[in-house]
Amino acid sequence: MKPTPFGNGRSGRSVRGMLAGLAFASMTALGGQAALAQDVTTIRVLNWEPGGADYWKALVAEFEKQNPTIKVELETVPFDRYPEVQGPYITTKSGPDVMENNAGLELFDRRRAYEQLPPEVLEAGKDLITYSGGCLNFDTSQACYGLPFGYQGNVMYYNKKVLTEAGLDAANPPKTWDEMNAACEKVKAAGKTCLAIGLSGIFPAYWNFPEVARNYLTEDDMRAMLAGKMPWTDPKMVNVLKGLASITEKGWTNSSAPSITMLPDGADIFQSGNAAFAGTIISDAANWAAFGKILGDENLGAMRWPTIVADAPLAGSFSGIESSVFGVSAWSDKKDAAFQFVKFMAGKENAELLTKVAGGISLNKNVDPSILPKSEALTQILEIIKKPTLHAGVLLSGQEADALARGWQEVSLGRLSIEDWTARMQTALEQSPSKRQ
Amino acid sequence: MAELANLARGAGDARARPFIRRDMLIAILFVLPGLALAILFKLVPLVRTIWLSLQETRGFEDPTFAGLANYRAMVADPAVADSFRNALIAFATLPIWIVLPLVLAFLLFQKTPGWKFFRAAFFLPYMIAPIVVGIMFRQILAPDGPLNAVLRAIGLAPLAIEWLNGPTSALLALTAVALWSFFGLGVLTYLSGLSTVSEEVVEAAKLDGAGFWQLLFHIIMPLLKSVIGYWAVLCTSGILIWMFPLIYALTKGGPGTATVLPEFLVFTTTFQFMDRGKGAAIGMALFVFVAIVSAFVVRRMYVEGSKPR
């Protein structure tokens with residue numbers, strides 16, 4: 001029998017010992033790696049980074065600190081491109097473990113892509129001012145698919161410097177449509193744009209429509225809209241369209257309005273100091289913190305949109321909605337970790353980060369008010385949001401939001417009548433899968 | 001005996017002859033992977049799209065069979081008609097897409113002063129991502145953007161229009177931006193074709209007194225017919241099915257539906273309106289439309305290519 005090379009002698013023993021040692025070390029290392037891989041769960045979170053990059057960096061760090069066995073991988077998409085990225089994921093039933101969505105109809109439309117939140121996760125909702133936008137038909141007793149973290153809604157920002165240059169009293173911005181018209185005449189005479197606006201994309205539906213709708217609709221009308229039972233041919237809805245059309249017809253806006261989006265183009269016009277007013281939102285992107293940083297907090301004011309019908313029941317209200325909600329995707333195989341993240345989003349620690357780092361307005365009732373940044377625009381916003389109502393924008397279907405924007409573009413260019421716009425809106429309503437009776 | 005022996009040999013040959021010849025087998029083996037890929041990635045998705053176009057889809061709920069309902073809805077939808085009308089208008093610019101790069105390529109071929117610089121410069125736009133091109137031109141074409149500033153500065157103020165606000169100007173602006181982004185590839189394609197043209201032929205024509213345009217139309221174009229045909233097919237698909245990123249970044253299809261092309265409508269219908277069935281039906285209509293137009297162009301290319309020079 002031929003001896004093996006390592007079969008005999010001292011050198012053979014030492015080599016065998018070395019090999020055994022190596023094998024043991026390798027197995028230990030592999031075993032260790034396997035244990036590590038088993039211990040850490042990585043979840044992918046699809047989001048549009050509401051509140052900005054710094055806030056999300058801090059948020060992920062805090063979550064991972066609290067949950068050392070879960071690692072978060074962010075997939076961040078710009079807000080105006082979000083539906084186009086999320087759509088294919090939902091259609092193919094694959095992709096991220098956690099997804100962000102606007103509360104309301106947009107979430108209800110996509111509810112099959114979300115896992116219903118279990119009671120232990122919904123428990124976190126009790127610390128919030130509201131979380132109904134994540135639940136079917138805005139009813140917390142029905143199935144809920146996502147939890148919110150911040151408060152969102154529309155206000156009109158104004159640049160005090162531009163108003164003063166135009167000979168207006170910056171301490172008393174316009175409160176009615178007529179006052180706004182008079183102010184715009186002066187601003188235009190001073191060579192500036194009165195209202196910075198962009199009519200492309202989803203912004204007209206979310207940021208402008210609700211503010212005009214409050215002048216004509218009641219909350220019951222809005223619930224009827226959600227159920228698809230409020231036709232666009234109804235005189236109230238026609239008045240809303242007329243109100244929107246009057247903004248561009250009166251020449252308040254930048255001439256590029258029909259071909260640009262409010263974010264970033266419209267907001268850029270306001271941020272550059274070339275416009276007196278901009279209708280945007282209280283939290284996330286294009287908010288008081290972002291504008292204040294560029295224009296200077298001392299030059300920035302926030303007000304309710306001027307009223308068209310002063311005695312309308314909701315004219316003095318705030319179109320508020322949970323900013324966005326986070327839910328767990330139905331196809332995720334890491335649901336426990338994903339639910340943990342959703343719960344964290346609604347929690348107090350995240351609420352404080354939102355306020356401190358992003359200057360956002362949290363829905364969590366336990367946030368210490370003293371940590372809020374000092375800003376006059378923020379103080380004005382905190383006053384405005386005290387009288388909330390439903391946000392009509394999130395009740396529009398994708399078809400309606402698209403027809404609203406395209407119709408308004410054509411109306412402002414004088415190529416479409418209000419009657420034809422109304423007819424298009426009605427067709428869009430009838431073609432909306434989520435609103436079919 | 002000899003006959004018997006031949007018969008026996010013949011029978012033996014018949015027994016030995018394989019069912020498929022060896023060269024045929026090799027040919028099939030070479031073709032199979034390509035065929036499998038074509039079936040998997042072309043035919044199967046096409047059949048699935050046809051099937052989806054016959055389904056009614058309510059958001060993300062499970063679809064139900066709807067027959068031709070999506071096609072009827074598509075025909076009744078004015079946005080669909082608008083998008084195909086826009087596609088035809090954009091397609092009508094095809095001669096510019098074909099001739100402009102050819103003229104530029106011929107100038108380079110003739111070593112016009114600065115040709116080395118322009119050869120690189122012309123290709124540069126093609127290397128910029130279409131989405132970036134769209135964002136770039138949204139700024140350039142703005143009412144107070146650089147293009148209008150230049151026009152006003154050189155005394156052409158009447159031409160400083162709101163490019164992206166007018167229904168015709170927006171579509172033409174979109175097409176022009178696409179052409180700007182794409183023409184460099186055309187120049188390169190034509191240059192490779194021109195490299196096969198004999199210099200003696202060009203010199204002889206020049207000696208006979210042919211000018212630039214005579215040379216181009218009577219000498220170069222007949223010699224480059226097959227290259228022109230190839231480029232025409234590329235441009236056809238470029239105009240009809242590759243404009244999406246530009247539309248998305250530049251106009252989002254607006255104002256109104258002025259710059260909505262069918263491919264953009266397929267996307268919005270499917271992913272924004274959650275109407276996958278109707279989106280698939282529009283996609284099928286686009287497929288047929290492109291197939292008809294391309295078939296015409298390809299046929300012309302083969303007819304011209306097969307003619308003796």
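This is a predicted model: local features need pLDDT of at least 70, side-chain atom pairs count only at pLDDT 80 or more; totals for chains, interfaces and linings use all residues.
Me: OK, so how far does H5(B) reach from its first C-alpha to its last?
Reply: Helix H5 of chain B, residues 94–109, reaches 23 Å with its 16 residues, close to the 22 Å expected.

Me: Which residues of H5(B) are buried?
Reply: B:Trp97, B:Pro101, B:Leu102, B:Leu104, B:Ala105, B:Phe106 and B:Leu108 are.

Me: And what covers them?
Reply: The cover includes four helices of chain B: H6 (115–123), H9 (167–194), H11 (212–223) and H12 (225–241).

Me: What about phi just after H5(B)?
Reply: B:Lys111 takes a positive phi there, about 55 degrees.

Me: Switching to chain A. How is it divided?
Reply: Into domain 1, which is 41–151 + 321–376, and domain 2, which is 152–320 + 379–435. Their C-alpha centres lie 26 Å apart.

Me: How many residues does each domain put into the contact?
Reply: Domain 1 of chain A gives 21 residues and domain 2 of chain A gives 27 residues. On the domain 1 side, helix H4 (105–109) and strand S9 (318–322) of chain A each give two or more. The largest share of that side, four residues, comes from H4(A).

Me: Now strand S5 of chain A, 151–159. How many of its residues are buried?
Reply: Nine of its nine, so to speak a covered strand. A:Tyr151, A:Gly153, A:Val155, A:Tyr157 and A:Asn159 point one way, while A:Gln152, A:Asn154, A:Met156 and A:Tyr158 point the other way.

Me: Which strand does S5(A) join through three bridges?
Reply: S9(A), and the two run antiparallel. A:Gln152 has A:Ile321 as its bridge partner there.

Me: And S7(A)? How many bridges?
Reply: Five, with S5(A) and S7(A) (residues 275–281) paired in the antiparallel sense. A:Met156 stands opposite A:Gly279 in S7(A).

Me: Last one: how many residues does each chain bring to the A–B contact?
Reply: Chain A brings 27 residues and chain B brings 23 residues. On the chain A side, helices H3 (82–91) and H16 (398–412) each supply at least two.

Note on methods: Residues are numbered from 1 along each chain as its sequence is written. Chains are lettered from A and ligands numbered from 1 in the order in which they are written. Two residues are in contact if their C-beta atoms, placed from the backbone, lie within 7 Å. The expected span of a helix is 1.5 Å times one less than its number of residues. A residue is buried if 20 or more other C-beta atoms lie within 10 Å of its own, exposed if 12 or fewer, and partly exposed in between; C-beta atoms are placed from the backbone. Domain bounds come from an automatic or database domain assignment. Two strands pair if DSSP finds at least two bridges between them.
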